[in-house]
Amino acid sequence: MIVAIDGPAGTGKSTVAGIIAKKLGITYLNSGSFYRALTLAALEGGIDLSSAENFENAQAVSEIVDFCKKQKLEYQNSHLILNGKDVESRLHEDQVSKNAAKLSSIIPVRHLVNERMHEITKSLSIVCEGRDMTTVVFPHAEFKFYLDASI
């Protein structure tokens, strides 16, 4: 079973997804964690993410995508495992937060993350949240919700 929650930043997607997953006794999946894990790997691997900003440097974008393809992402007990190492506690470090948007804006990287999330959901019932969750990532989810909130 897939419960997908979509909506803009700051609308409570993570909070609601966590509560629903706990009440249903199923896995909570935060799509942003995947981008943060790949960002962490890139930073530790000496990859210059700023060189791919605005996609002006096609070679840099290609190198980043190739690097991301080599990373092994797993999801166990609601923790993201990167290349065999639990990195959940490091996903909100300042450098990761500062650079995650750069990586997540690269379309081929988005495709890689979406493919990995699809693989994970083949063996798990999940509540997942993130942008484009109900339209792009899991358009055929059994349950889809869009959250919005005024300022």
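**View 1. Lining of the second largest pocket.** Leu38, Cys68, Lys69, Gln71, Leu73, Leu112, Val113, Glu115, Arg116 and Glu119 form the lining of the second largest pocket. Two or more of the lining residues come from each of α3 (58–69) and α5. The largest share belongs to α5, which gives five residues to this lining. Sorted by class, the lining of the second largest pocket comprises five nonpolar residues, one polar residue and four charged residues. The volume of the second largest pocket is about 160 Å³. The model shown here and in the following views is predicted.

**View 2. The largest pocket and its lining.** The space within the largest pocket amounts to about 630 Å³. A total of 28 residues line the largest pocket, and those nearest its centre are Asn30, Ser31, Gly32, Gly130 and Arg131. Helices α1 (13–24), α2 (31–44), α4 (94–104), α5 (107–121) and α6 (133–137) each contribute at least two residues to the lining of the largest pocket. Among these contributors, α2 gives the most, with five residues. The lining of the largest pocket consists of eight nonpolar, 14 polar and six charged residues.

**View 3. Packing of α3 against α5.** The axes of α3 and α5 lie 9 Å apart, and the two helices pack at an angle of about 15 degrees. Because angles under 35 degrees count as roughly parallel, α3 is roughly parallel to α5. The crossing of α3 past α5 is right-handed. On the α3 side, Val65, Cys68 and Lys69 take part, and they meet Pro108, Val109 and Leu112 of α5. The contact of α3 with α5 contains five nonpolar residues, no polar residue and one charged residue. Cys68, Lys69 and Leu112, named in this contact, are also among the residues that line the second largest pocket.

**View 4. Packing of α2 against α5.** The axes of α2 and α5 come within 10 Å and cross at roughly 125 degrees. This angle makes α2 oblique to α5. The crossing of α2 and α5 is right-handed. From α2, the contact is made by Ser31, Phe34, Tyr35 and Leu38, and from α5 by Val109, Arg110, Val113, Asn114, Arg116, Met117 and Ile120. Classified by side chain, the residues of the contact of α2 with α5 are seven nonpolar, two polar and two charged. Ser31, a member of this contact, is also one of the residues nearest the centre of the largest pocket. Leu38, Val113 and Arg116, likewise in the contact of α2 with α5, are among the residues lining the second largest pocket.

**View 5. Packing of α2 against α4.** The axes of α2 and α4 come within 8 Å, with a crossing angle of roughly 105 degrees. Since angles of 65 to 115 degrees count as roughly perpendicular, α2 is roughly perpendicular to α4. In this contact, Tyr35, Arg36, Leu38, Thr39, Leu40 and Leu43 of α2 meet Gln95, Val96, Ser97, Asn99, Ala100, Leu103 and Ser104 of α4. The contact of α2 with α4 holds seven nonpolar, five polar and one charged residues. Tyr35 and Leu38 of α2 take part in this contact with α4 and also in the contact with α5.

Methods:
Residues are numbered from 1 along each chain as its sequence is written. This is a predicted model: local features need pLDDT of at least 70, side-chain atom pairs count only at pLDDT 80 or more; totals for chains, interfaces and linings use all residues. Side-chain values use heavy atoms; hydrogens and water are left out. On a 1 Å grid over the protein atoms alone, a cavity is a set of points where a 1.4 Å probe fits but cannot get out, and a pocket is an open set with protein on both sides within 12 Å along at least five of seven lines; lining residues have an atom within 4 Å of a point. Grid points are joined across faces, edges and corners, and a volume is the space filled by probe spheres set on the points. Helices (H or I, at least four residues) and strands (E, at least two) are DSSP runs, numbered from the N terminus. Ala, Val, Leu, Ile, Met, Phe, Trp, Tyr, Cys and Pro count as nonpolar, Asp, Glu, Lys and Arg as charged, and the others, Gly among them, as polar. Axes are lines fitted to C-alpha atoms, for helices over the stretch in contact, and angles run from 0 to 180 degrees between N-to-C directions. Angles under 35 degrees count as roughly parallel, over 145 as roughly antiparallel, 65 to 115 as roughly perpendicular and the rest as oblique. A crossing is left-handed if the near helix is turned anticlockwise from the far one by less than a right angle, and right-handed if clockwise. Contact means heavy atoms within 4.5 Å.
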